[in-house]
Amino acid sequence: MLIQRRALRTVCDALERQAAVAIIGPRQVGKTTIALEVAEGRKALYLDLQSPRDRQKLADPELFLSGYEDRLVILDEIHRVPELFSTLRGLIDQGRRRGRRTGRFLILGLASIELLRQSGESLAGRIELGGIRHRKPSGRRPGPDHGKFLSYSRRC
Ligand SMILES: Nc1ncnc2c1ncn2[C@@H]1O[C@H](COP(=O)(O)OP(=O)(O)OP(=O)(O)O)[C@@H](O)[C@H]1O
Ligand SMILES: [Mg+2]
């Protein structure tokens, strides 16, 4: 849990520097858990793009998301709707012109070369990518907690 607290701090710090922050990693590593903890204590909107209902809300993503400029918008399972990246670019740039420069989007997704390419191309200079992975507790043999320790590291 200590490592998770550190990961949480790293994500929050990144949100203070950059408009968008991505947590990329495999299944069941704790991405959603961390994002919901980040959302606690601040105005946030959580959308799960695996859910048809939440995807429906984004039928006109620009219209919908521009109503949440004052919140942290969490987009979980972004690999389901990768074309959103170019919309985010426009929204981030609009926000910047109004002085809303950091902490706008927290993006969660499964790691893939394609996802990294799409986010890098559309959001260069606007996103900080971080990887998250299972981590063995050091100095101990794997016990029941094995794989439940998180480490988040900045990639670029
Ligand atoms: N730091 C932690 N210590 C112990 N268990 C944790 C920790 N973080 C998350 N978990 C547990 O691990 C499981 C997976 O967490 P979570 O759903 O956040 O992962 P995820 O990366 O979003 O998975 P998916 O890609 O399948 O959506 C959950 O049962 C959660 O309660
Ligand atoms: Mg999840």
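Among contacts in the chain between residues at least 6 apart in sequence, 78% link residues at least 24 apart, where a contact means that two C-beta atoms, placed from the backbone, lie within 7 Å. This is a predicted model, so to speak of a local feature takes a pLDDT of at least 70 and side-chain atom pairs count only at pLDDT 80 or more, while totals for chains, interfaces and linings use all residues. Residues are numbered from 1 along each chain as its sequence is written, and chains are lettered from A and ligands numbered from 1 in the order in which they are written.

How confident is the predictor? The chain averages a pLDDT of 87, and 84% of the residues score at least 70; pLDDT is the predictor's confidence in each residue, from 0 to 100. Over residues 143-149, though, the pLDDT is below 50, and this stretch has six contacts in the model beyond near neighbours in sequence. Where pLDDT is low, the predicted coordinates should not be read in detail.

As for the overall layout, the chain has six helices and six strands, taken as DSSP runs (H or I of at least four residues for helices, E of at least two for strands) and numbered from the N terminus. Walking along the sequence gives the pattern α-β-α-β-α-α-β-α-β-α-β-β. Of the 156 residues, 31% are buried. Here, buried means that 20 or more other C-beta atoms lie within 10 Å of the residue's own, exposed means 12 or fewer, and partly exposed is in between, with C-beta atoms placed from the backbone.

The largest nonpolar core has 34 residues, and Ala20 and Leu75 have the most contacts inside it. Such a core is a set of buried Ala, Val, Leu, Ile, Met, Phe, Trp, Tyr and Cys residues joined through C-beta atoms within 7 Å. Among the elements giving two or more residues to this core are helix 1 (2-17), strand 1 (20-25), helix 2 (31-39) and strand 3 (72-76). Leaving out residues up to four places away in sequence, Leu75 touches Leu47, Leu49, Leu84, Phe105 and Ile107.

Strand 1 is mostly covered, with six of its six residues buried. Ala20, Ala22 and Ile24 sit on one side, and Val21, Ile23 and Gly25 on the other. In a regular strand the side chains alternate between the two faces of the sheet. Strand 1 pairs with strand 4 in the parallel sense over six bridges (DSSP must find at least two bridges for a pair), and Gly25 stands opposite Leu110 in strand 4.

Gln28 isn't a glycine, yet its phi is positive, near 60°. Gln28 counts as exposed because it has 10 C-beta neighbours inside 10 Å. In helix 2, the buried residues are Lys31, Ile34, Ala35 and Val38. They cover an arc of only 100° around the axis, so they lie on the same side of helix 2; the arc is that of the directions from the helix axis to the C-beta atoms. Gly41 follows helix 2 and has a positive phi, near 80°.

Finally, the loop between strand 3 and helix 5 holds Glu77 and Val81. Glu77 has a positive phi of about 60° without being a glycine, and counts as partly exposed because it has 19 C-beta neighbours inside 10 Å. Val81 is partly exposed too, with 18 other C-beta atoms within 10 Å. Beyond its neighbours within four places in sequence, Val81 is in contact with Leu49, Arg55 and Leu58.
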